[in-house]
Amino acid sequence: MPAEFRDMRWAIVASRHRSIRQAAETLRVRESTLSRRLRDLEYRLGVELFERTASGTRLTAVGDEFIAVAKHILAEADVAFARIKACGRGESADLIIGICMALSVGNLRATLAEYGRQHDGVEVHSIDGSRTRLLADLTSGSIDVFLTAEGNSAWDGALLPLWSERVMVALPADHFLCPSPIIRWSDLARARILVNRRDPGPDYEAMLRARLGDRCGCTFIGHEVCLDRLLGFVAAGLGLTLVSESAAGANDSGIVFRELHDDGPVRIRFSAYWKETNRNPALRPFLDLLRARYSDTAPSMSPD
C-alpha cells in the first residue's frame, strides 16, 4: 500500500506543527525517524507533501489534500476497529449507518433524534461515500444499515422502502430562474449542472439525461464532495445542482431552492438496506423505529 496507517497518523501530527522537531516531540520519536518516514511516504506516493524551509515546514497543496483524505480514512478505520473489538468481547456494538442523503432537516434527522432519545446508551456513527463503496461495506459487515435512494438492483439482502422527498433545484441567488416559483425540466436545458458523484447525485444526473436527452446542451461537471461543499460551489455561481428537499434546510444566503416539476412535483424515494444475518442488537430497534414512523410505505423485503 502507498501509505500505512502509522504514516498517515504521523503526517497528520506533522501537519499541525511548523517544525518536524516539535512534531517528533509530540509523537515521542526521534526527529530523524519522523523525517525519514515522511520522506519515504512522499517517495512512495510520488508527491511532495511538505515544503521544507529554514524557518520550518508547511503543507503543499497536494499535502493538504492528502491530510484531508488521511483524516477521513483513519476516522472510518477507528470506528470499524472499535466495532470489531467490541464484537470480539461479546459486547453490544454501536450502530454504524452508511448515509447518502442530507441531514439538514427532514425524516432522517428526526428519526436519528428519536432513536437517540430512546437508546441513549447506543453510539450512532455515520459513514458517507459512494453507493458502490457503502454497499461493499454493508456486505462485509463494516456498517449495519445503508440509507440511500432506491435503485440498488445489485443488492440481494433485506430492504425497507421509506419516505420520498421532493427534488429541488439549488440555484445561485442571482440566477435568472430564481423568480420562478417552480422549475420544469425544459428550464434546465443548456444549464451548467454540478453533479455530485456521491449518492443520490448519479440518480439526479440520470433523471436529467432521461428527461432532456443527449442534445439538451447541458454541461455536467462532476464533483465528489460533501453536500455543503457542493452547495458552496452553487453559491459561488459555478452552476446549479439537484438535491432532495431535506437539503433545503442548508442555511446559505447565496442559494435559492425551487421545486422541480413534471406533471407535478418530482420526487425521489429512499430505502434502508441491511443484511438479515446481522446480529447487532442496536440494529433491530432502529429498523423497528423506521417501520413505525413510515408504516404507510411498502413492507420490508428480504430474499427468499
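## Model confidence

The mean pLDDT of the protein is 83, with 88% of its residues at 70 or more; pLDDT is the predictor's confidence in each residue, from 0 to 100. This is a predicted model, in which local features need pLDDT of at least 70 and side-chain atom pairs count only at pLDDT 80 or more, while totals for chains, interfaces and linings use all residues. Residues are numbered from 1 along each chain as its sequence is written, and side-chain values use heavy atoms, with hydrogens and water left out.

Over residues 298–304 pLDDT stays under 50. Where pLDDT is low, the predicted coordinates should not be read in detail.

## Helix H7

Helix H7 covers residues 201–212; helices are DSSP runs of H or I with at least four residues, strands are E runs of at least two, and both are numbered from the N terminus. From first to last C-alpha, the 12 residues of H7 reach 17 Å, close to the 16 Å expected at 1.5 Å a residue, where the expected span is 1.5 Å times one less than the number of residues.

Buried residues in H7 include Tyr204, Met207, Leu208 and Leu212; buried means under 20% relative accessible area, with a 1.4 Å probe and protein chains only. Gly213 follows H7 and has a positive phi, near 80°.

## Thr57

Thr57 belongs to strand E2 (residues 56–59). With a relative accessible area of 7%, Thr57 is buried. Leaving aside residues up to four places away in sequence, Thr57 touches His17, Arg18, Ser19, Ile20, Glu51 and Arg52, a contact being heavy atoms within 4.5 Å.

Methods
Buried < 20%, exposed > 50% of the residue type's maximum accessible area, 1.4 Å probe, protein only.
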